[in-house]
Each structure stands twice: as C-alpha cells, then as structure tokens.
Amino acid sequence: MPRSITPVAGETLASVLMRLSYRLRTTPLVLADRAGLRSSPTAPAARLATYQGVRLDEKAAQALAHVLRLDPEAVHRLTLAGQAPGYPQLHSPYLGFPRDHHIQLVHDEWIFTRFSRYCPQCLAEAADTEAPSPWQGLWKLPITFICPTHQRYLRWRCPTCDSPALSTGFKTTGAWRPPQLIPSPRTRLHPAQCRSRPADLTNPRGNAPWACGARLDHAFPGPAADPRLLAVQERFHHLATTPGVTTVSIGQTATASQYFTDLRTVVTLITSTWPTATYLPVPDGPAALMAPLEHAMATAPTHHTTGQVKLGDLTSPLTDPQAGAALLTVAHQILTAPDAAGRLRTLLDARVPIRHAREGLLRLLDHGSPALRAASDSHRAELTRRRYRTPAFTPPTHHRGQLDARRIPQCLPDAHLAHLAHLETRPAPPAAVRRAAAIHLVQMALPIGHREARAYLGLRPSSARFSMTLSWLQSGDNAMRYRTALSEIAEKIMADPAPIDYHHRRAALHHWHIPPEDWDALIQQISRRQNPASLRSTTWTPARHTGASATVWAHITHGETRYAPQLAQGERTHHDRAVIEAINLKRPRERLHALLREHLRDYATALATRIDRNTPHGPH
C-alpha cells in the first residue's frame, strides 16, 4: 500500500497524518514519530505539539517531506502560515514581539489551535475512500465561518459529545485539556470521527479516556448563509492567502497585515464597549445580522465591577461561526464605511474599562494602518491613564442621517420631556438628565463626541452634574429605558411638520444684544403702563439691558438663560447684576418685571420670525 497521499488543496498537516494513518491502518502517533514530530524528547508519549500545524522550521519540514514523500515546499503549504501568508497572527514578529515560542501561537485566540470548525458535507465527500475526509486549514482561522462550496455556516461542535471538533475536550473541572496537533493520537479512527475525550466517558482499562468517536460527517449541515457574508469572507480569504495584496482601511490604502490588525482593533473595541456597536448603522448587512452576536455577548462572562465582557473574550472573535461572522462583518463594515473614522471615534469615546484590554489596544493601534493611528491619536493619552474614567454612555445612532441636529434646542420642549418624565433619575438632578438628553440627541444625529455636542448646543462644561447622570445611567436598567426615551424623542422631532432651526437661531444671536432703539421703544411702552411711583423709582441700568437680552435669547433659542452668551460678556460686577435681572425676569415678583417679561416675549416672537425668514438652509 502506498506510504504517501496527495494532499488536497488547503489541507492541514494534521489532516494528512490522520488520512495517511487511516490508509496504513496505524495510528497518527506512530506516523508522527517516524516524521520526528514529537514536541520534545521529554514530552509525554502521546503528545504532539500543536504549534507544528501553524509553522514548521526547515529541519522539521525536511524530515516530514522524507517520510511523506513530498517536497519541502508542499510540506510548508500544509501549515497555516504557508496557507495564509497575509494573516499576521501566524508570522513573527507580531505587534512588535517575536513569535518563536509555541506558547505564543497556541494561546492566540485569533488562531483556533485547540479545535477546528468544519463542514459536515465536505467531510462526507469521499468519506468511503482509502484517504477520506480532508480537513481544511482555513477552518482553523476565525475569518472562515461559511463553507464556500455549500454556502452554509460551518459547525464547530460534535453533535454527540458537544465538545469542540478536533479538540482534546475538557476536564471534569470544565478547563481545556492540553492542546494537541491531533487529539487522541494513539487511537485508530476515521478522519471524520470525533477525537475529543468527554470527561464522563472513561476507559475500563484505567488509562486515558476513550475518544467520543461520533462521525462528524453525519452531523446536520449548518444553516444557509447570507451571500453578503460570504462575500465578506471571500475578501478576508483574498487578503490572507494572496502575498503582497493591498486594500482600503478607514479610507486609506493598507497592507493585508495592517488591515487584519485594524480588524482586530475594531473587534476589541466592539466587544469591550458593548453594546455601543448595536447603535451604529449596519447598511450592508441583513436585518438579523446582529441577533447571534447579541445573544453571544449577552451570555458571555462579564467583569465583576464594570459589567463589560471579560478580558478573555475581548480580543478574540467568538467561536460560534454565526456570532463570529456577525462580529467580523460589523467590524469590516466599520472599517470600510465612508465615515469609518467617525465610527471608530464613537467606539473609542465609549471607553475601554479594563486596563489590560487598553494595553492590548494600544499595541494594536501602534501597528495598525496609518489611518487607524490618525483616527485614534486624540484618544491615545486617555488610554494610557492609570486611573481611567468611568465608561461613558453611548446613545443609539440608528437615527443618524434622518435626525437633523439643527432641530435640537438646548432645553427640550415639554412635549418631548414627557418621554423622560417616567424615569426615576435620583441621585442625578432632573435638570441634568434633561440637559444630557439634548446632548445625546445631538450625538444621535452627528458623529461627534460629548464635548463637541455640548459646544454645538452652546453649553458650558459641568462635569460634576454629568458624572451624577453617568452614575445614574450605569445603575440597573436605567440606560436601556433612557435609550428608549431618546429614540421616542428623536422620532417626535423627525415627525414635526414645522421644524425650527435652533442652531441657526443660536448662531444669529451669539453676539446680539437688544439694539438701543428697540430698547428705548420697549422702555417707552412699559413706562405708559407704570404708575407714577413705580416710574420714579425705576432705573434702566446696563445690567437690566443685558438681562433682558439674555431673556430674549433664551426664548428664541429655547435655551437656558444661564447659558446665554450675553451673560458671559462684560466685567464680573456687571455679570452678576445681569444674572439677577435675568432671574427676576424668569420668575417675576414685581409688576415691573412682569411687564418687561410680557413685552420681551412679544418682541422675541417677532424677532424669531425675522431670523427664520433668513435661515440659510431653507425649510428642512
């Protein structure tokens, strides 16, 4: 019987050894010993090093080529590094560190060294031949989640023992057993049989547990895949398997290695700031794209203080093919979107709460594409802080492109505030929550950060009150109910048949005061309605003029009087007196203030009409 077989295109080294040993009616361990694949002279008798399936040195490749009767170049093509030259995790150095030790390869969760995904239909083809059921190398990379031949999601578990396919299985404690190039190598099995050793399946002879032995080629095929996800996978494969190819990442040219580093960076941000990514628009994916990812993230272990997904799950794609497909597709769409830099900054604004994840993120940013480094420069100092700020709230963004930020005032109308009325906001002051709602609505409409949104509305920083609002949002289900309320307010603003351009009004009145002739006319109108005693005691000071201008500004822009730009001008004494006058006009206790407020409202209504008539953008 021939001592060699012809490898199938894309086949792994482990697959060749399993198929050849099955043809020779021996065990993979015997064949591996002849090829010198024992991990070390002191290794256990049945241990085959997993890293040899990733990359082989020249000496090992020569020895293996002699045993398998192949040329060394064909042997190198059996390794993952030989099949995917553009996939940076398989090569040394990676992120500035050499990858010469097998532990660095085995524990990188962007390489499935402990198990393999598989297509039951592919394994079933030629299953009854002398060298059956080849296993594909790209099945061991997370960028492969669909079988391109049958256009179905891959499987990754044994249907009988539920262990990951082509793995050593789990101990009774639930921890992984030490990984192997070929699990259960002393057992003669069909290449499509499950080699995992279930913890509850013991060998009556008292030695190593028996392998499961279930036929993986008899498993039900995976669900039918969306062609758009298959197109994304084909792009991944082209970059990983074609040497020297380039692509576009965040609007600029990048090498394949830089692109996959960018992809890993975005995956890290998506999982560590979850659920921020659910509020980013996904225009190119199917409607149910996020469903498997949301389910997987909801059941993932979380950090005990931040509520975020633990570090072990932060930087790796999820092992389930459907959830992994959704995660990588969303990350790919972020990198290739026209506003990719804005989406990336939205994720960075959401904060990465765990220190070790931030350190890994900084390494990724240092070795990503030039566009990635440029987009993240403003956040680099924040990521290096030892004491990191509390993760910020990220508003939903599925209204972006429909909600017009110009329609959002500083102070939301009572009709909109009704959606917030049912929220118990303590300990945050209700006024602070209402102010935060306006800021978050601007962020829902524009891809800008919190500070930029405050400046857009003309609000000055107030960190203490906003911190109280953040603390309230991080308690219980407040964030979910608050997001629902924001979406309802956004829908109401979008449905307004007569929208007002508050941004244009704020810009028109930024350096405005009531003109002297208009102020004199107002004084004459009020004087006619005063009694002689009140008329003699009234003094029309500059501070009263400033306070009246601030009142008109607040009425026209639907803003808060305290943030009126008129009150931020002038010397301290004048400012204090103007603030007092503005307060008196807001809550008049004297007849003079009530009269002035009444006339100012009529004046403001007429002025607003003139401003709206000159709106540069026209009707919305």
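Trainee: Asp-108 and Arg-264: buried or exposed?

Mentor: Both Asp-108 and Arg-264 are buried. Buried means under 20% relative accessible area, exposed is over 50%, and partly exposed is in between (1.4 Å probe, protein chains only). Keep in mind that this is a predicted model, where local features need pLDDT of at least 70 and side-chain atom pairs count only at pLDDT 80 or more, while totals for chains, interfaces and linings use all residues. Residues are numbered from 1 along each chain as its sequence is written, and side-chain values use heavy atoms, with hydrogens and water left out.

Trainee: What do Asp-108 and Arg-264 form?

Mentor: A salt bridge, with 3.5 Å between the closest N and O atoms of Asp-108 and Arg-264. The rule is a side-chain nitrogen of Lys or Arg within 4 Å of a carboxyl oxygen of Asp or Glu.

Trainee: Which parts does the pair tie together?

Mentor: Asp-108 is in the loop between helix 6 (102–106) and helix 7 (120–124), and Arg-264 is in helix 9, so the bridge ties together parts 156 residues apart in sequence. Helices (H or I, at least four residues) and strands (E, at least two) are DSSP runs, numbered from the N terminus.

Trainee: How many salt bridges does the count come to?

Mentor: The count comes to 10. One of them joins Arg-529 and Glu-598 at 3.3 Å, N to O. That pair links distant parts of the chain, 69 residues apart: Arg-529 in the loop between helix 21 (516–527) and helix 22 (532–537), Glu-598 in helix 25 (residues 591–613). Arg-529 counts as partly exposed because its relative accessibility is 36%, and Glu-598 counts as partly exposed at 39%.

Trainee: And how far is it, N to O, between Asp-217 and Arg-215?

Mentor: 2.8 Å in that salt bridge. Asp-217 counts as buried at 8% relative accessibility, whereas Arg-215 counts as partly exposed at 26%.

Trainee: Switching to rings. How many aromatic pairs are there?

Mentor: Nine, from a search of the whole structure. One is Phe-236 with Phe-260, a tilted pair at 6.4 Å centre to centre and 55° between the planes. Rings of Phe, Tyr and Trp (its six-membered ring) pair if their centres lie within 6.5 Å; planes under 30 degrees apart count as stacked, over 60 as edge-to-face and the rest as tilted.

Trainee: Where are Phe-236 and Phe-260?

Mentor: Phe-236 is in helix 8 (residues 227–241) and Phe-260 in helix 9 (residues 256–272), 24 residues apart. Phe-236 is buried because its relative accessibility is 0%, and Phe-260 is buried at 0% as well.

Trainee: How many residues are in the largest nonpolar core?

Mentor: 60, and Phe-236, Phe-260, Tyr-87 and Leu-90 are among those with the most contacts inside it. A nonpolar core is a set of buried Ala, Val, Leu, Ile, Met, Phe, Trp, Tyr and Cys residues joined through side-chain atoms within 4.5 Å. Elements giving two or more residues to this core include helix 8, helix 9 and helix 11 (321–336). Helix 11 gives the most, nine residues. There's also a second, separate core of 43 residues, which includes Leu-31 and Tyr-118.

Trainee: Last one: where does pLDDT stay under 50?

Mentor: Over residues 302–315. For the chain, the mean pLDDT (the predictor's confidence in each residue, from 0 to 100) is 81, and 81% of residues reach 70 or more. Where pLDDT is low, the predicted coordinates should not be read in detail.

Notes
Contact = heavy atoms within 4.5 Å.
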